[in-house]
Amino acid sequence: MIMVALLRRSSAILTDWDIWKSTNGISYEDMEDMQRKVIWEGNKQQIEDNNQGFLMGSKHFTMAMNKYGDLTAQEFQVLQGAMIDAQLAKRGKTVASRKLRNSAKKFDGMVIDYRQMGYVTEVKDQGYCGSCWAFSTTGAIEGQIFKKTGQLISLSEQNLVDCSKSYGTYGCSGAWMANAYDYVVNNGLESTITYPYTSDTQPCYYDSRLAVAHIKDYRFIPKGDEQALADAVATIGPITVAIDASHSSFLFYSSGIYEESNCNPNNLSHAVLLVGYGSEGGQDYWLIKNSWGPSWGEGGYMRLIRDGKNPCGIASYALYPIL
């Protein structure tokens with residue numbers, strides 16, 4: 001009788017995998033459960049290895065298990081919005097780096113954080129839809145509207161996801177941000193109040209009478225020029241950027257200054273919003289806003305190493321709107 005009770009009790013003990021599934025409201029049939037568990041355990045081990053390196057001083061950032069713990073490689077790719085060939089990326093007019101440098105000299109050595117200045121809306125969550133490009137676009141426009149009017153209005157990513165396909169975007173399958181900007185130049189954009197986010201593609205119901213955002217044009221930062229990018233951040237505001245986020249170290253980033261030696265500045269897989277830069281312990285960093293909810297990273301943000309070598313391609317595809 002005692003033996004049976006002990007067996008029952010041991011079978012009732014929840015594993016870390018069971019607790020993670022319960023926390024995230026996930027359940028699977030037996031076969032898929034086994035496959036997902038293998039992925040999850042592999043990620044858990046990598047997170048632990050990285051954090052051991054952090055404690056030993058060889059890593060400058062920590063990782064943590066999160067809601068993406070059991071994603072397949074294909075699902076992770078969708079999350080990044082990385083379905084478009086980088087060679088086909090639409091570009092546009094480029095601002096002169098000398099012009100940016102002359103305007104930015106007075107900011108040299110300063111810390112820039114647009115969150116503290118009221119330019120940045122709350123951290124949003126794209127869900128399991130490759131719409132990061134839309135969040136990266138709205139974020140920069142939100143910042144410029146605040147700069148001009150003093151009003152911070154959350155703009156509709158869903159408006160872009162549903163309505164900009166004829167401009168060369170692919171809804172939940174990714175896009176390049178210049179194509180999204182083209183749509184806003186020609187149409188305008190509603191707010192999230194009148195056109196809320198669904199994390200899926202649906203028929204477009206844009207109403208120009210409800211548009212709260214209009215832009216005249218946009219400009220690219222000279223490709224790969226980190227100094228020009230810093231100057232643009234200092235003098236203009238939050239900047240639309242694309243980065244290589246295709247590594248599990250990015251997916252499970254938790255805190256600290258992110259550095260990934262396998263990052264490829266030409267493999268731009270994910271769009272984010274650059275909202276500032278600073279320095280900690282003698283190490284410069286970029287401050288980026290992601291669109292994976294506030295539970296990812298440092299409250300939804302990441303500090304990425306800023307070393308003049310275009311880490312993860314932060315300066316490879318950077319642009320901003322002109323109101």
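Select residues 17–76, which the unreviewed UniProt entry annotates as "domain: Cathepsin propeptide inhibitor"; UniProt positions follow the numbering used here, feature names are shortened, and annotations may be inferred rather than shown by experiment. This is a predicted model, in which local features need pLDDT of at least 70, side-chain atom pairs count only at pLDDT 80 or more, and totals for chains, interfaces and linings use all residues. Residues are numbered from 1 along each chain as its sequence is written, and side-chain values use heavy atoms, with hydrogens and water left out.

The end C-alpha atoms of the span 17–76 are 19 Å apart, and the span is 63% helix and 5% strand. Helices (H or I, at least four residues) and strands (E, at least two) are DSSP runs, numbered from the N terminus.

Next, select helix H3, residues 30–56. Its 27 residues should span 39 Å at 1.5 Å a residue, and the end C-alpha atoms are 39 Å apart, which agrees; the expected span is 1.5 Å times one less than the number of residues. Show the side chains of Asp 33, Arg 36, Trp 40, Asn 43, Ile 47, Asn 50 and Gly 53, which are buried in H3. Buried means under 20% relative accessible area, exposed over 50%, and partly exposed in between, with a 1.4 Å probe and protein chains only. An α-helix has 3.6 residues a turn, so residues three or four places apart point the same way. The cover over the buried residues of H3 includes helix H2 (16–23), strand E1 (61–63) and helix H4 (73–80). Just after H3, Gly 57 has a positive phi of about 90 degrees.

Now colour by domain: domain 1 is 16–59 and domain 2 is 73–322, with bounds from an automatic or database domain assignment. Their centres, taken over C-alpha atoms, are 29 Å apart.

Leu 100 is buried, at a relative accessible area of 5%. Beyond its neighbours within four places in sequence, Leu 100 contacts Val 95, Ala 228, Asp 231, Ala 232, Thr 235 and Ile 236; contact means heavy atoms within 4.5 Å.

Select residues 108–322, the UniProt feature "domain: Peptidase C1A papain C-terminal" (unreviewed entry). This span is 23% helix and 21% strand, with its end C-alpha atoms 24 Å apart.

Centre on Ser 156, in the loop between helix H6 (132–149) and helix H7 (157–163). Ser 156 is buried, with a relative accessible area of 0%. A polar atom of the Ser 156 side chain lies 2.7 Å from the backbone oxygen of Tyr 195, and one lies 3.4 Å from the backbone nitrogen of Gln 158. Not counting residues up to four places away in sequence, Ser 156 touches Thr 138, Leu 189, Glu 190, Ser 191, Thr 192 and Tyr 195.

Then show the largest nonpolar core, of 86 residues, where Leu 229, Ile 239, Leu 274, Trp 286, Ile 314 and Tyr 317 touch the most other members. H6 gives the most to this core, with seven residues. A nonpolar core is a set of buried Ala, Val, Leu, Ile, Met, Phe, Trp, Tyr and Cys residues joined through side-chain atoms within 4.5 Å.

Finish at Asp 217 in strand E3 (residues 217–220). Not counting residues up to four places away in sequence, Asp 217 touches Lys 93, Val 185, Pro 321 and Ile 322.

Key: Polar contact = N/O pair within 3.5 Å; in protein donor to acceptor, adjacent residues only side chain to side chain.
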